[in-house]
Amino acid sequence: MMPAAIVLAGGASSRFGGNKLSAELAGRPVLQHALRAAAAVASPIVLVIGPDDPVPWLPADLGADVVLARDDVAHRGPLAGLEAGVGALAALPRPVDIAILVAGDMPTLVPAVLELLAGTLARDPSLGVACLETDQASPLPAAVRPSVAGPAASALLASDRRSLRGLLTAVRTVVVPAGDWRALDPLGATLRDVDTPDDLAWR
């Protein structure tokens with residue numbers, strides 16, 4: 001069964017100096033690049049935005065159903081976004097066993113790497129998260145099992161822990177070796193994110 005996806009798009013963009021997700025990159029808003037990569041391997045997509053954020057324009061040719069969810073509190077971080085996304089998935093008609101988790105400011109995600117994350121998690125039902133081996137285990141992108149990661153995220157937030165990295169130690173996590181995912185993405189484009197306007201010029 002195809003995984004779902006959660007795209008986190010409720011950040012403050014404070015370092016960018018404006019709404020980075022609507023900034024143009026290669027002819028499209030940054031957010032649309034992340035959505036298209038997710039849509040290549042997942043459906044439905046839960047798009048998590050801030051409580052007062054306007055609904056972004058979504059292309060008609062995305063090829064995946066999009067469900068909108070909102071953070072309960074503005075700018076509480078990606079862990080809270082994950083919690084909101086899992087809540088939206090729980091309301092869907094069909095159960096979702098695995099979801100791809102990405103940030104809306106990751107414009108060069110490689111769909112084959114996202115598929116690898118989902119497939120790695122699917123092989124072991126006891127796992128809660130699959131992430132990529134980097135210098136440090138990177139929390140994004142990831143594949144998560146909502147039934148495991150959702151309650152863990154809620155528990156971390158209840159103890160005032162907001163870092164998504166804390167999820168990697170709170171649940172059973174598998175790290176995909178760099179050699180495996182770099183074979184699909186030699187330049188490491190999947191890890192790229194946009195924090196400042198200079199990041200739009202990355203090649």
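## Asp124 and Arg172

Asp124 is partly exposed, at 26% relative accessibility. The model described here is predicted. The partner of Asp124 is Arg172, and their side chains form a salt bridge with an N to O distance of 3.6 Å. Asp124 sits in the loop between α3 (111-122) and β7 (129-132), while Arg172 sits in the loop between α5 (167-170) and β9 (173-176), so this pair ties together parts 48 residues apart in sequence. Arg172 is partly exposed too, with a relative accessible area of 48%.

## Asp97 and Arg145

Asp97 forms a salt bridge with Arg145, and the closest N and O atoms are 2.8 Å apart.

Asp97 is partly exposed, with a relative accessible area of 46%.

## Asp160 and Arg162

Asp160 and Arg162 also meet through their side chains in a salt bridge, at 3.9 Å from N to O. Asp160 counts as exposed, at 58% relative accessibility. Arg162 counts as partly exposed, at 44%.

## A network and the total

Which residues are joined into one network? Lys20, Asp105 and Asp195 are, through salt bridges that share partners. In total, the structure holds 6 salt bridges.

Terms used. Residues numbered from 1 in each chain as written. Predicted model: local features only at pLDDT ≥ 70, side-chain atom pairs only at ≥ 80, totals over all residues. Heavy atoms only, no water. Salt bridge = Lys/Arg side-chain N within 4 Å of Asp/Glu carboxyl O. Buried < 20%, exposed > 50% of the residue type's maximum accessible area, 1.4 Å probe, protein only. Helix = DSSP H or I, 4+ residues; strand = E, 2+ residues; numbered from the N terminus.
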